Amino acid sequence: MQAVGRRTILISLAIALLLSALPMPGWAESWVPMWVVLVYIYWCIARPELVGSATALALGLLLDVQQASVLGENALALVIVAGVVGGTYPRLRMYPLIRQAIAVALLLLLYLLVRLGIRVMLGTPPTGWLYWAPVPVSVLLWPWIFLLLRDVRRRYA
Amino acid sequence: MMARAGYHRRTLGWALLAVLLIISDHYLGYLAGIRSGLSVLVYPLQVVSGKPVEYLEVVAGYLGSRERLLEKNATLQDQLVTMQVRLQRHASLEEENLRLRELLASSIRLEERVQVAQLVSMDVGPGQHHLVVDQGSRHDVYTGQPLVDAGGVMGQVLHVGPFTSTVLLITDARHALPVVLNRTGVRAVAEGTGSLDRLRLRYIGGNVDVREGELVVSSGLGGKFPQGYPVARVSRVKRNPGGEFIEVEATPVARMERSRKFLLVWHNGHPAADRAGSGQGG
């Protein structure tokens, strides 16, 4: 059971990494949803015994390589999100979808805020408000991702 | 509750590790090995994610009508002839240039080793522009190596993995490139603005003659980029009376968003530039 769960989680995270690397026309690049963070948050809520802060670190490092950011930028942000979710997942699980989406929005903002802090401190701040553009898109997708992954979990994990 | 406390302690530990990673990557530059190792894991995902676009292009190629293909063939033929004529002139000019340089006892070599690289994936976020190409340390790629496309300079290699490398584009807000105005020989620095069709030319004095549309080429100062590759065309000149410098904007001549094939250039002085130079040089 655990092995199957682990494999399902790994596959879904790999698909999320793949989706985030999908080539896009220039104007759409800034609006690409934060697939990896969304899928990570789902598994962190649903299977906290399997997916915790160590997974966050590893996944964040892969994101750093993919985005060519400083090694640790995405990792630190994701570990901090993992810390918050790890303290609140019993409640997050019980929320209705709308409230859950609001909570996810806050988590995503926290994630981007940590990355912003790191980049400002290293002297390479992002330019313009488009930096925040992935948040609304991602939040709109959350209910869909939640229901999809819940069905996947019931079947395979 | 005990388990929860343990979880938070572990999370704190991982967070500290991440902070250490950031510091050692950014300030000490120790982690090139780790990044290169991880890039092997990310590489297959990047290749797979690029496939749909490739297939679309293949299908579009099949669907393209015969007339259009013939038309395209004709234009390409025309281009080829023009290019060949130009190349003939170029060859004689190059020889003449070499002879003159010999007269001046200068040791600059004009031929450079080049290698075709293909686009694997492109990542254009706000302020951050980079792309991944399918050449890595296995193919002698080195950090700081220039990348050009058919139009001009694209960027320079930022990280090298075994099979791939990440290239920082000249339009990235973190990038600066020493350039020279081709017509007048005035030196400047071309800074990325974070938007794909704009560069800012800094440090051009207030009394300098700059015209819209003139060509900006790499100056070779700083030793990273070879000299004389086209970089951009001046698109806007704004003079502020009394200011020390004028504000000049330029549009890159490389097709930043559309190119899929590039050339990696082994620049003079780099050890790998001499290796197999004649075999792969072009």
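**Entry 1: a term to begin with**

A residue counts as buried when its relative accessible area is under 20%, as exposed when it is over 50%, and as partly exposed in between. I looked up E214(B) with this in hand. It has 7% relative accessibility, so E214(B) counts as buried. I also noted that the model is a predicted one.

**Entry 2: the contact between the chains**

I turned to the place where chain A meets chain B. How many residues does each chain bring to the contact? Chain A gives 44 residues and chain B gives 41 residues. The area buried between the two chains is about 3500 Å². Carbon and sulfur atoms supply 68% of that area.

I found zero salt bridges between chain A and chain B. I did find seven residue pairs in polar contact, with both residues at pLDDT 80 or more.

Which elements of chain A give two or more residues to this side? I listed α1 (2-20), α3 (53-67), α4 (73-94) and α5 (97-121) of chain A. By residue type, the side of chain A that touches chain B divides into 27 nonpolar, 13 polar and four charged residues.

**Entry 3: strands in chain B**

I moved on to β6(B), which covers residues 176-181. Its partner β7(B) covers residues 187-192. The two strands pair in the antiparallel sense, over five bridges.

β6(B) and β7(B) form a hairpin, with five residues between them. In the turn, G185(B) has a positive phi of about 75°.

β6(B) also pairs with β9(B), which covers residues 215-218. Three bridges join them, and the strands run antiparallel. Here L181(B) has V216(B) of β9(B) as its bridge partner.

I wrote down one general point for reading such strands. In a regular strand the side chains alternate between the two faces of the sheet.

I searched the whole structure and got eleven salt bridges over all chains. I followed R183(B) in detail.

The side chain of R183(B) meets that of D209(B) in a salt bridge, at 3.2 Å from N to O. The two residues are 26 residues apart. D209(B) lies in the loop between β8 (199-202) and β9 of chain B, while R183(B) lies in the loop between β6 and β7. R183(B) has 40%, so R183(B) counts as partly exposed.

R183(B) also meets E214(B) in a salt bridge, at 3.1 Å from N to O. E214(B) sits in the loop between β8 and β9 of chain B, 31 residues apart from R183(B). This is the buried residue from my opening entry.

Which residues make up the network here? R183(B), D209(B), R211(B) and E214(B) are linked by salt bridges.

**Entry 4: a pair between strands**

I ended with R236(B) and E249(B). Their side chains meet in a salt bridge, at 3.4 Å from N to O. R236(B) is in β10(B), residues 230-238, and E249(B) is in β11(B), residues 247-252. They are 13 residues apart. R236(B) has 36% relative accessibility, so R236(B) counts as partly exposed. E249(B) has 15%, so E249(B) counts as buried.

Terms used:
Residues are numbered from 1 along each chain as its sequence is written. Chains are lettered from A and ligands numbered from 1 in the order in which they are written. This is a predicted model: local features need pLDDT of at least 70, side-chain atom pairs count only at pLDDT 80 or more; totals for chains, interfaces and linings use all residues. Side-chain values use heavy atoms; hydrogens and water are left out. Contact means heavy atoms within 4.5 Å. Buried area is the accessible area (1.4 Å probe) that two parts lose on being put together, summed over both. A salt bridge is a side-chain nitrogen of Lys or Arg within 4 Å of a carboxyl oxygen of Asp or Glu. A polar contact is a pair of N or O atoms within 3.5 Å; within protein, one must be able to donate a hydrogen and the other to accept it, and residues adjacent in sequence count only if both atoms are side-chain atoms. Helices (H or I, at least four residues) and strands (E, at least two) are DSSP runs, numbered from the N terminus. Ala, Val, Leu, Ile, Met, Phe, Trp, Tyr, Cys and Pro count as nonpolar, Asp, Glu, Lys and Arg as charged, and the others, Gly among them, as polar. Two strands pair if DSSP finds at least two bridges between them. Buried means under 20% relative accessible area, exposed over 50%, partly exposed in between (1.4 Å probe, protein chains only).
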